[in-house]
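Dear colleague,

Please find below the structure that I am handing over to you.

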Amino acid sequence: MLSSITINDLVFDAKSGDQLDNVSLELKSPQIVGICSNDTGAATALEDLLAVRGKILNGDVTINGVPFKKYKRQSKNEIGRIDDVVLKGKTIEKAIKHALHHKENALTPEQTFEMIKALNLKPDQAVGELSKSQQLELRLVILLAWQRSIVILSNAFDGIEEDRRQLLGSLVKDYTQKVNALVLFTSKNISTLMRFAGILYYFSGSHLTSARDLSMNDGVDCTVTVMGTGFPIENAVKLGAHMLEEASDELRFLFTGNIQTLLPLLEQSTITDVRIEDATIEDELMAY
């Protein structure tokens, strides 16, 4: 079954106090959607929107073919949020059984035990002995075990140890395809957003500024600072540079693409220094 969220010219006051202003977007499963924003407002407002918590002042929203006002009852069975997963029980086994109890269409505890094997977790382990990151990993697996068609991860990846993120990201990607789901997440980290999202929506406050398809992308954006003169800006722009700041002897730009293609342009004798760093959310929002 296809999941879809269609938002047209939406002005929305979320229960959280956050807003969306004149937002239009269309999401269809299977897809992982990243929300890139300078604060948490837009992501929180979208969460409230999908839970039908708040007021539409203008525009319209359709979720899985159902108009916003009629969606509240379905929301509970179709949308899974990481914030709704609570670990109750002394062992992982008890926590999983408790969390899956009375959930329609969920995996069985046994199927879920198979999923946690990949994370080197065992059913008889005590929940209290897990690190914060491991507890979050367990909650994420339970959320996937609910088999909801729309999944809201919020900023869960940020709470998971960096060397474990790839593993969890792969689990989420597999899930999205197998269940034909729509997954929404946000992060403070542009590399996390770019690594796992198929499409990125840029928000400045409550306004959607742009959308970017990442399906063909194979790298993470970086910010390049060039000291000196004579850097061929036009050539760099053709290769994927977005200028952020220009002064007479210093340039800063966001670069999307293979950094190797840029290196020949940086070999001018009049360039005195070059710094290449991971892009920040601020840099991204300036470019997009």
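Two strands are taken to pair if DSSP finds at least two bridges between them; helices (H or I, at least four residues) and strands (E, at least two) are DSSP runs, numbered from the N terminus.

Before I continue, two remarks on the basis of these findings. This is a predicted model, in which local features need pLDDT of at least 70 and side-chain atom pairs count only at pLDDT 80 or more, while totals for chains, interfaces and linings use all residues. Residues are numbered from 1 along each chain as its sequence is written, and side-chain values use heavy atoms, with hydrogens and water left out.

Overall view

The chain has nine helices and 14 strands. Its C-alpha trace spans about 70 × 45 × 30 Å along the principal axes. Of its 288 residues, 48% count as buried, where buried means under 20% relative accessible area, exposed over 50%, and partly exposed in between (1.4 Å probe, protein chains only). The accessible surface comes to about 14,200 Å², of which carbon and sulfur atoms hold 48%; areas come from the Shrake-Rupley method with a 1.4 Å probe. Among contacts (heavy atoms within 4.5 Å) between residues at least 6 apart in sequence, 69% join residues at least 24 apart.

Strand 1 (residues 4–14) and strand 4 (residues 54–63) are joined in the antiparallel sense by eight bridges, and Ile 5 stands opposite Ile 63 in strand 4.

Strand 11 (residues 222–228) is joined to strand 14 by seven bridges, with Arg 275 as the bridge partner of Thr 225. Strand 11 also pairs with strand 13 over six bridges, and there Val 226 stands opposite Leu 251. Between strand 12 and strand 13 there are five bridges, with Ala 241 opposite Phe 255, and a hairpin joins these two strands through three residues. Strand 13 (residues 250–255) is mostly covered, five of its six residues being buried.

Helix 3 and the cores

In helix 3 (residues 92–100), the buried residues are Ile 92, Ala 95, Ile 96, Ala 99 and Leu 100. They lie on the same side of helix 3, because they cover an arc of only 120° around the axis; the arc is that of the directions from the helix axis to the C-beta atoms. These buried residues pack against helix 4 (109–117) and helix 5 (132–145).

A nonpolar core is a set of buried Ala, Val, Leu, Ile, Met, Phe, Trp, Tyr and Cys residues joined through side-chain atoms within 4.5 Å. Of the 52 residues in the largest one, Leu 138, Leu 140, Leu 153 and Leu 200 touch the most other members. Helix 5 provides the largest share of this core, eight residues. Apart from it lies another core of 31 residues, among them Leu 25, Ala 42, Phe 68 and Phe 203.

Backbone points to inspect

Most residues other than glycine have a negative phi, and most peptide bonds are trans. Ser 29 and Pro 30 are joined by a cis peptide bond, with omega about -5°; Pro 30 is placed in the loop between strand 2 and strand 3 (31–37). Asn 64, in the loop between strand 4 and strand 5, has a positive phi near 50° and is buried, with a relative accessible area of 12%. Asn 120, in the loop between helix 4 and helix 5, has a positive phi near 60° and is exposed, with a relative accessible area of 58%. Just after helix 3, His 102 takes a positive phi of about 65°.

With kind regards
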